[in-house]
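Student: I have a structure to study and some questions about its side chains. Could we go through them one by one?

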Amino acid sequence: MKEFVIWTVNLDRRKSRKEGRKIPKRFSVPGVKLSELEAACEALGIKCIAERKRYPKSWWEEGGRVVVEKRSPKTQLMITLAQKISEMREAEEKSKKEKAKKAKKKKEKKRKK
């Protein structure tokens with residue numbers, strides 16, 4: 001099986017191309033975590049192995065990499081993963097807002113009593 005190694009740095013909007021970003025900024029996501037990258041792979045049905053390693057150019061920063069099966073060109077795969085991470089973050093943020101609204105309504109009901 002052919003494999004790709006994708007580092008969290010490769011998808012990070014805050015990094016320059018020189019620092020390791022591999023996709024255009026318009027597709028990238030700020031502050032990618034290994035857990036998000038792993039979850040995106042699982043959501044897309046891509047077999048992956050997550051490894052807590054440090055990117056050699058920025059060894060002092062937390063991060064990691066996933067080893068994924070080769071399905072499409074690497075750049076296209078990274079763009080797809082970044083888009084999925086972005087979708088997952090939006091969904092999580094939306095659910096947090098809904099929970100906050102429900103909690104606020106409960107507080108208002110208790111005050112009225």
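This is a predicted model: local features need pLDDT of at least 70, side-chain atom pairs count only at pLDDT 80 or more; totals for chains, interfaces and linings use all residues.

Student: Which residue does E92 meet in a salt bridge?

Tutor: A salt bridge needs a side-chain nitrogen of Lys or Arg within 4 Å of a carboxyl oxygen of Asp or Glu. For E92 the N to O distance is 3.6 Å, and the partner is K96.

Student: Where do E92 and K96 lie, and how many residues apart are they?

Tutor: Helices are DSSP runs (H or I, at least four residues) and strands are too (E, at least two), numbered from the N terminus. K96 is exposed, with a relative accessible area of 53%. Both E92 and K96 sit in helix α2, about one turn of the helix from each other, which is 4 residues.

Student: What is the distance between the closest N and O atoms of E93 and K97?

Tutor: E93 and K97 also lie in helix α2, 4 residues apart. E93 is partly exposed, at 47% relative accessible area. The two form a salt bridge, and their closest N and O atoms are separated by 3.8 Å.

Student: Which residue forms a salt bridge with R54?

Tutor: R54 is partly exposed, with a relative accessible area of 41%. The N to O distance is 2.7 Å, and the partner is E62.

Student: How many salt bridges are there by this rule?

Tutor: The pairs above are among them: E92 with K96, and R54 with E62. The count comes to 9 salt bridges.

Student: Why is the pair of W7 and Y55 called edge-to-face?

Tutor: Rings of Phe, Tyr and Trp (its six-membered ring) pair if their centres lie within 6.5 Å; planes under 30 degrees apart count as stacked, over 60 as edge-to-face and the rest as tilted. By this rule there are 2 aromatic pairs. The centres of W7 and Y55 are 5.3 Å apart, and the pair is edge-to-face because the planes stand at 70 degrees.

Student: How far apart in sequence are the parts that W7 and Y55 tie together?

Tutor: W7 is buried, at 14% relative accessible area, and Y55 is buried at 12%. W7 belongs to strand β1 (residues 3-7). Y55 is in the loop between β2 (48-51) and β3 (65-69), so the pair ties together parts separated in sequence by 48 residues.

Student: What angle lies between the planes of W59 and W60?

Tutor: W59 and W60 are exposed. Their rings form an edge-to-face pair, 5.6 Å centre to centre, with the planes at 85 degrees.

Student: What separates the C-alpha atoms of M88 and A40?

Tutor: M88 lies in helix α2. M88 is partly exposed, with a relative accessible area of 27%. M88 and A40 are 48 residues apart along the chain, yet their C-alpha atoms are separated by 7.9 Å.

Technical notes. Residues are numbered from 1 along each chain as its sequence is written. Side-chain values use heavy atoms; hydrogens and water are left out. Buried means under 20% relative accessible area, exposed over 50%, partly exposed in between (1.4 Å probe, protein chains only).
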